[in-house]
Amino acid sequence: MASEQVRTVGHTPSSARSNNRLMIRREFLAAGAACASALWARGRWDKSRISAITDEIGLTREESIAFAHHYGLQFVEIRNPPGVRKEYFTLPEPEIQADADWLKREGLKVSFVNTSVLKFTWPGFEPARRRTEEPDARERRLSAEKERWERRLEDLHKAIRCAQIMGCDKVRVFTGTRVAEPESMFPRIAETIGGEMAAIAEREKVYLLIENEASQNVATSAELAGILERIPSPRVGINWDPHNAYGREKSYPDGYAALPKKRVLNVQVKAKGVMPASPEKEDWKAILQALDQDGYAGKIGLETHIFDGTLIPAAHASMDEILRISSEV
């Protein structure tokens with residue numbers, strides 16, 4: 001009996017060994033699935049979803065590229081060439097092409113083309129904040145605004161062509177300088193952007209993204225929702241900048257709740273809304289979580305927008321914080 005006990009010590013029958021292996025395999029697979037799930041969750045906001053406007057992350061093209069490489073970004077947004085006081089879409093096509101080729105060689109893609117299309121006082125309307133102007137100065141301004149209005153479709157074609165050269169399908173547009181009663185402008189805005197401009201966008205297979213901006217007739221999330229209700233075209237969407245409505249609405253949850261989620265195609269982050277020590281910091285972790293839960297598949301782009309001489313340090317502080325927050329979501 002003792003010898004039989006010796007023989008069985010440390011020995012597991014084949015059926016028990018099989019069960020043990022099955023249990024271990026199940027535990028291994030479960031652990032692997034949990035790990036994969038965790039990695040997938042972290043990957044929802046990985047660096048392929050994060051972008052930045054080149055002229056606010058470097059003072060030269062080289063500095064902007066270096067910034068993007070430093071943070072491992074795959075995408076950038078464009079507005080002006082860094083260090084140049086002209087918008088990309090106003091440049092001759094060979095110059096746009098040269099920078100497009102350069103970005104491609106550097107392994108970067110353009111996620112969004114920021115333009116000032118329609119960002120002026122439209123003829124026949126007075127801005128809510130009137131300037132003190134001499135008669136001659138007023139006449140010059142009105143003449144310049146009239147000229148911009150008359151070439152709006154030409155500018156749109158240039159902006160779309162710029163995007164196409166850059167390999168991008170999203171272009172920013174605005175809604176005219178804010179008047180005393182912005183909603184009175186909505187029919188005109190809908191006719192302009194949702195009518196003639198949307199028809200061009202549909203033919204060219206690009207998206208026109210209306211940005212909420214404090215100086216414009218669409219400044220808040222609620223106003224974005226209001227104007228989009230009047231524009232059924234699927235080629236017109238939203239570039240949501242929560243901090244642009246700072247002081248007018250609470251970006252989250254109030255502003256976010258008002259948005260037509262499926263029409264949000266780009267999101268921008270201001271430095272003042274994300275830097276850790278900023279008194280105007282937004283709850284970006286909650287915003288990213290909400291976007292994720294609602295199926296947002298686009299990108300978030302840093303628009304540093306600091307004018308006190310600390311633009312580049314602010315860009316780094318902002319991107320550090322964006323990456324930290326996104327890693328937690």
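**A close look at E106**

Author: Let's start with contacts: setting aside neighbours within four places in sequence, E106 touches I65 and H69. Keep in mind that this is a predicted model. The H69 contact has a polar side to it, with the side chains of E106 and H69 making a polar contact at 2.8 Å. As for where E106 sits, look in the loop between α4 (93–105) and β3 (109–113). Is E106 buried, exposed or partly exposed? Its relative accessibility is 28%, so E106 counts as partly exposed. There's a chain-distance angle too: A66 is 40 residues away along the chain, yet the C-alpha atoms of E106 and A66 are separated by 9.7 Å.

I65 is one of the residues lining the largest cavity, along with others including R61, S64, D99, W102 and L103. That cavity holds about 60 Å³ of space, and the structure has three cavities of 30 Å³ or more. Helices α3 (61–70) and α4 each supply at least two residues of the lining. By type, the lining splits into six nonpolar, two polar and two charged residues.

Leaving out residues up to four places away in sequence, M319 touches several residues, among them F67, Y71 and L302.

Key:
Residues numbered from 1 in each chain as written. Predicted model: local features only at pLDDT ≥ 70, side-chain atom pairs only at ≥ 80, totals over all residues. Heavy atoms only, no water. Contact = heavy atoms within 4.5 Å. Helix = DSSP H or I, 4+ residues; strand = E, 2+ residues; numbered from the N terminus. Buried < 20%, exposed > 50% of the residue type's maximum accessible area, 1.4 Å probe, protein only. Polar contact = N/O pair within 3.5 Å; in protein donor to acceptor, adjacent residues only side chain to side chain. 1 Å grid on protein atoms, 1.4 Å probe; cavity = no way out; pocket = protein on both sides within 12 Å on 5 of 7 lines; lining within 4 Å. Points joined across faces, edges and corners; volume = space filled by probe spheres on them. Nonpolar A, V, L, I, M, F, W, Y, C, P; charged D, E, K, R; others polar.
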